[in-house]
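Thanks, everyone. Please bring up the model, and we will walk through it together.

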Amino acid sequence: MRLLGPVAGEDVVAVQTSHPDPMIVELLLLADAIRDAGARHLTAVVPYFGYSRQDKRFLDGEAVSSKAIAKHLALDADELFTMTIHNPDILKTFQIPAHDVDGVPALGRYLKQADVDMLLAPDENALRFAKTASAICGKPYDYLKKERIDSYTVKITPKKLDVNRKSIAIVDDVISTGGTIATAAKELRSQGARRVIAASVHGLFVDNAEANLKACDDVIATDTIQSRHTKVSVAPEFAAAIRALG
């Protein structure tokens with residue numbers, strides 16, 4: 001990593017997501033270079049905060065990975081902005097001021113212009129995402145009942161919804177393998193939905209995600225992680241958050 005201009009005495013904003021893993025190393029090297037070059041203040045904008053779901057020790061001997069990444073960032077950064085982090089409470093444990101920016105409104109603005117009749121959360125925990133997007137795009141919302149069997153398998157409990165001949169957007173914070181979305185899409189099809197859209201802030205699309213997501217008519221993700229499904233930019237959300245605290 002190399003800086004191509006002077007930053008001594010400046011307030012610097014470094015923008016770098018953290019998926020896939022090599023980008024974490026790039027971010028740490030960039031932060032170190034900025035600090036060594038004499039920047040007065042460094043704000044790290046990490047649109048997708050990698051390892052945020054490892055926010056506790058699930059098995060003996062595991063690293064609490066979210067805290068580990070935050071600890072290394074704090075060596076050079078003075079402040080952190082991230083987006084729709086899995087568990088906002090972990091930001092309180094970071095050694096520098098950390099702010100969670102909501103990316104769902106950007107999805108809501110996109111869906112307002114799309115052919116959508118109703119928004120659905122894939123489970124009750126994600127209901128807040130559907131509710132936020134609903135308030136912006138002016139469409140009704142509901143949620144599905146989900147039971148997670150293991151890391152790769154979910155079971156959707158049948159729940160009668162008013163989706164017959166409607167276009168439905170499933171709204172969530174992260175699409176990883178796409179298994180939950182695929183299961184939900186199949187349930188909606190069985191109830192007569194004419195179109196199913198998957199919309200998420202963070203699109204990881206790992207393992208068999210592309211195959212799983214063929215169950216959907218369209219897939220929408222933001223640019224927190226660049227992919228072929230990126231259709232929404234959250235740059236305005238970050239810019240507004242930085243200005244508000246500046």
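In what order do the six strands of the open sheet run? The order is β6-β5-β9-β10-β11-β12, and the pairing is parallel. Two strands count as paired if DSSP finds at least two bridges between them.

Before going on, some housekeeping. This is a predicted model: local features need pLDDT of at least 70, side-chain atom pairs count only at pLDDT 80 or more, and totals for chains, interfaces and linings use all residues. Residues are numbered from 1 along each chain as its sequence is written, and side-chain values use heavy atoms, with hydrogens and water left out.

Now the overall picture. The protein has seven helices and twelve strands. Helices (H or I, at least four residues) and strands (E, at least two) are DSSP runs, numbered from the N terminus. The C-alpha trace spans about 60 × 45 × 30 Å along its principal axes. A compact globule of 246 residues would have a radius of gyration near 18 Å; the protein has 19 Å, which agrees. That radius is taken over C-alpha atoms, and the globule rule is 2.2 Å times the number of residues to the power 0.38.

Back to the six-stranded sheet. Its order, again, is β6-β5-β9-β10-β11-β12. The edges are β6 (141–143) and β12 (230–232), each pairing on one side only. From one strand to the next, the twist averages 35°. On angles: axes are lines fitted to C-alpha atoms, for helices over the stretch in contact, and angles run from 0 to 180 degrees between N-to-C directions. Look at β10 (residues 195–203) and β11 (residues 218–222). They pair in the parallel sense over four bridges. Ser-200 stands opposite Ala-221 in β11. Helix α3 (residues 104–112) lies across β5, β9, β10, β11 and β12. α3 runs at about 150° to β10. Contact here means heavy atoms within 4.5 Å.

Next, the other open sheet. Four strands, order β1-β2-β3-β4, parallel pairing. Its edge strands are β1 and β4 (98–101), and each pairs on one side only. The twist here averages 20° from one strand to the next. β2 and β3 run parallel, joined by four bridges. Within that pair, Ala-44 stands opposite Leu-80 in β3. Helix α1 packs on this sheet and touches β1 and β2. The direction of α1 makes about 165° with that of β2.

Two backbone details, both in loops. His-19 and Pro-20 are joined by a cis peptide bond, with omega about 0°. Pro-20 sits in the loop between β1 and α1 (22–36). Then Tyr-51: phi is positive, about 70°, although this residue is not a glycine. Tyr-51 is in the loop between β2 and α2 (65–73).

Definitions first. On a 1 Å grid over the protein atoms alone, a cavity is a set of points where a 1.4 Å probe fits but cannot get out; a pocket is an open set with protein on both sides within 12 Å along at least five of seven lines; lining residues have an atom within 4 Å of a point. Grid points are joined across faces, edges and corners, and a volume is the space filled by probe spheres set on the points.

Take the second largest pocket. It holds about 170 Å³ of space. Two or more lining residues come from each of β1 (11–15), β2 (41–46), β3 (79–83) and α7 (235–245). β1 gives the largest share, three residues. The lining includes Asp-11, His-41, Glu-79 and Phe-81. By class, five are nonpolar, three polar and two charged. For the classes, Ala, Val, Leu, Ile, Met, Phe, Trp, Tyr, Cys and Pro are nonpolar; Asp, Glu, Lys and Arg are charged; the others, Gly among them, are polar.

How many cavities of 30 Å³ or more does the structure hold? One. About 50 Å³ of space lies in the largest cavity. Among its lining residues are Tyr-48, Arg-53, His-86, Asp-173 and His-202. β3 and β9 (167–175) each supply at least two residues of that lining. The classes divide into five nonpolar, five polar and two charged.

That is the tour. Over to you.
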